Every structure is written in structure tokens, then in C-alpha cells.
Amino acid sequence: MSSHSPHGQSSLRTVQVLGGGNAGSSAHVRSLAAGLVARGVRVTVCAPGEADDTYDFTGAGAAHVHVPRSSDPGSVAALRAACTDADLVHAHGLHASFRAVLALSGRRTPLIVTWHNGAHAEGARAHLLRLLERRVARTATVVLGTTSDLVDRARRTGARDARLAAVALPRPRRTEGIEGIEESERPSSKLRAELGAIGRPLFTAVGSLDGHRGHDLLLDAARVWRGLDPVPLVVVVGEGSQRAELQRRIEDEELPVRLLGRRDDVSELLAAADLALLPGGEESRSVLAQEALHARVPLVAALTGGIRELVGDAAELVPPHEPGAFAAAAVRLLEDPERAEHLRDLGTRQAAGWPTEDETVAQVLSVYDELTQPQPMI
């Protein structure tokens with residue numbers, strides 16, 4: 001795939017638009033920027049400043065322009081200025097895509113949008129999101145969906161060209177040289193001791209503490225696990241509007257759950273766990289699910305979003321909104337080590353079939369070239 005214009009012209013210039021949303025889309029943009037820069041593409045990432053602080057787009061070789069998440073005229077004007085002379089614009093997520101639509105109004109710049117997740121809202125806001133989806137889908141040159149459900153949704157909404165996207169989860173650096181360390185000195189053992197999970201199972205969940213993430217179901221399940229011996233410890237990584245409400249329930253019902261807030265050692269927390277838990281949410285390519293399979297940690301997940309397409313048979317999948325079924329699935333895995341080991345092996349094979357970062361960049365670059373290279377005369 002080519003990233004250069006013919007006859008010595010300057011290399012392709014792209015603008016990546018990110019709303020500072022979920023970890024999956026932010027990590028994807030960082031990985032994509034690094035891969036494109038390595039192939040000679042000039043990349044500008046338009047995102048809130050805190051997103052660059054976290055994901056270091058500039059460290060990947062991209063330019064960064066601070067654009068707030070809002071769609072007010074000032075933010076749209078800043079984005080429009082950043083897109084001047086861009087060969088194409090690639091926006092990630094519904095809200096970032098809508099800002100890109102506004103910023104490119106009246107211009108012929110190709111717009112690619114990637115839908116990483118299905119937008120979620122209730123009440124009047126749900127109607128607004130449907131309107132935004134329709135506007136974005138009908139305006140974009142190409143819509144890339146991370147699951148077949150999202151591709152179908154884009155087509156139903158009016159997309160002219162909707163395709164399945166290859167999206168890799170960038171792999172974190174793993175600690176090397178720990179094979180000779182005594183078990184008590186391993187990072188996972190120290191972490192379990194810090195959490196108070198010595199001699200008892202450790203369950204790990206990761207996700208913002210918002211209503212659609214399924215944390216109420218998780219606490220309902222914890223009421224069942226409270227009767228086990230030993231009692232598992234459930235740790236939840238994330239922050240959000242539900243934190244105070246969830247904490248009250250944990251204290252009032254004496255649930256074996258700890259809300260850890262934001263952490264920078266999520267991979268280590270997951271690797272130390274006996275089970276990974278995904279009680280809900282509409283994240284189409286769940287970062288937690290991918291990390292769990294890579295780390296060979298058995299996963300219990302509610303059957304929502306694109307989870308079946310992502311993990312196949314390599315997880316215990318239960319109907320959504322059924323805390324009893326969710327709790328029972330976790331208990332079965334604790335009581336059946338052979339089943340847990342089988343899921344670990346299935347997870348390793350499933351993860352091996354996911355796209356690599358190089359494959360992801362190659363697919364995106366082929367779309368870029370298709371939209372920007374001159375078409376041959378017939």
C-alpha cells in the first residue's frame with residue numbers, strides 16, 4: 001500500500017479526530033498514528049489535551065491539536081482550521097464524527113468515520129443520538145464498523161459505503177525476566193496481598209461507573225458470592241457518576257466488592273485475577289475481554305454488544321440482565337478447573353485470530369489510498 005502521491009508530491013496528510021472517549025478508541029488512534037507515521041503519512045490528531053497526556057500521540061510522531069469534546073462553535077472552528085489542506089479526515093466515535101461533519105461543511109475532503117461502539121442513551125437523548133448517527137452515516141465517505149452489527153447499523157442508517165474494520169488492541173509491554181522469581185515475590189502475588197485477596201478468589205471488572213455498564217448486576221451477583229467459602233473479592237476499576245450509589249450498596253449489603261477508582265496497572269490487576277468479569281455495556285470490541293483472553297484469564301460476560309463475535313466460545317457468556325445466571329457461571333468456573341483451563345486455551349487460539357496492529361494499519365491505509373489516489377482513465 002502506498003502512502004505517497006506520485007511524481008514527487010508531498011506525502012499523504014491525514015487528520016485523526018478523537019473525542020477523548022473510551023480507552024479502546026483512544027488506544028486505536030495512538031496505534032494507528034504510529035503505524036501511519038512509520039509508513040510516511042503525516043498525521044495530526046485532534047483531541048482534548050488530556051487524551052494526548054494519556055496516549056502520547058506526539059510520541060508516536062503525530063502532531064497534536066487540542067480540540068475540546070464539545071461541539072460549540074469554537075471547537076468546530078478549531079477543528080476546521082486543523083483540517084485545512086488535509087487529504088482526508090478520519091473521525092473515531094459518533095460525537096467526534098459529528099464534529100468532523102460540521103467542520104468539513106462545504107469542503108470536498110473525504111471523511112472516514114470508525115464506529116467503535118453503538119451509541120447508548122435513554123429518553124430524549126436517545127432520539128438525539130439517532131439523529132446524529134443518521135447525519136454522520138449519510139455524510140461520511142466511508143463508515144468503518146468494528147463489528148458486523150455496527151456495519152449493518154450504519155447501512156440501515158443511510159451510509160453510502162459501510163465496511164467491517166480490522167481493529168487491533170495494542171499489546172502492553174510485559175514484565176520480562178520473572179520466571180526465576182519466587183512465587184511470593186511475583187508482581188501478581190504482591191498485588192493480591194495488597195488487595196487482601198490471599199487465600200480467596202479474585203474477580204476483576206473494568207469499566208466506567210455509569211448506568212449502562214452493568215455494575216448493579218455485578219453487585220447483585222456479589223450477594224450470591226458472599227455465601228461462598230472462601231468468599232471471592234471483587235475489584236472494580238473505573239470512575240463515574242454511579243460511584244456513590246454503588247458504594248452505598250456495597251456498605252449497606254456488606255458485599256465483598258472494592259471500587260478501586262482509576263488505576264494505571266489494569267493489566268497487572270487482570271493478570272492477577274482468577275476471573276475477569278464483564279457484566280454489561282455496549283463496547284463492541286471490549287478492551288477487558290481482549291486483555292483477559294491475551295492474559296489467559298477466564299472471562300464471564302453478559303451477552304451484549306459484539307462480545308460473541310469477539311470471543312467466540314472462549315468465554316462463559318450469559319444472558320444480559322440476569323444476575324443469577326452471571327453469578328452461577330462464575331461459581332461453575334471456580335468449581336471446575338478443567339473448564340477454566342479449557343477456556344484459557346480457547347482464548348489463546350481466539351486471540352491469535354484477531355487482527356494485528358500492522359494488519360489494522362494496512363487496511364486503513366488501503367481505504368485512504370482508494371479515496372485519495374487518482375483514478376486511471378478508461
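Where is Glu254 found? Hold that one for a minute, I'll come back to it.

Quick housekeeping. This is a predicted model, where local features need pLDDT of at least 70 and side-chain atom pairs count only at pLDDT 80 or more, while totals for chains, interfaces and linings use all residues. Residues are numbered from 1 along each chain as its sequence is written, and side-chain values use heavy atoms, with hydrogens and water left out.

We have 7 strands in an open sheet, order 3-2-1-4-5-6-7, with parallel pairing. Strands here are DSSP E runs of at least two residues, helices are H or I runs of at least four, and both are numbered from the N terminus. Pairing needs at least two DSSP bridges between the two strands. At the edges sit strand 3 (63-66) and strand 7 (162-164), each pairing on one side only. On average, neighbouring strands are turned by 20 degrees against each other, direction ignored; the axes are lines fitted to C-alpha atoms, for helices over the stretch in contact, and angles run from 0 to 180 degrees between N-to-C directions.

Now the helices on that sheet. Helix 6 (residues 148-157) packs there and touches strand 5 (111-115), strand 6 (142-145) and strand 7, pointing at about 180 degrees to strand 7. Contact, by the way, means heavy atoms within 4.5 Å. Then helix 15 (residues 357-372) lies across strands 1, 4, 5, 6 and 7, at about 140 degrees to strand 4.

Zooming in on strand 1, that's where you find Thr14. Leaving aside neighbours within four places in sequence, the contacts of Thr14 include Leu36, Val43, Leu88 and Tyr368.

Most residues other than glycine have a negative phi, and most peptide bonds are trans. So, Glu254: it's in the loop between helix 9 (243-253) and strand 10 (257-261). Its phi is near 55 degrees, a positive value, and Glu254 counts as exposed because its relative accessibility is 66%. Arg296 has a positive phi too, near 60 degrees, but counts as partly exposed at 31%. And there's a cis peptide bond between Asp229 and Pro230, omega about 0 degrees, with Pro230 in the loop between helix 8 (215-225) and strand 9 (233-237).

Conventions. Buried means under 20% relative accessible area, exposed over 50%, partly exposed in between (1.4 Å probe, protein chains only).
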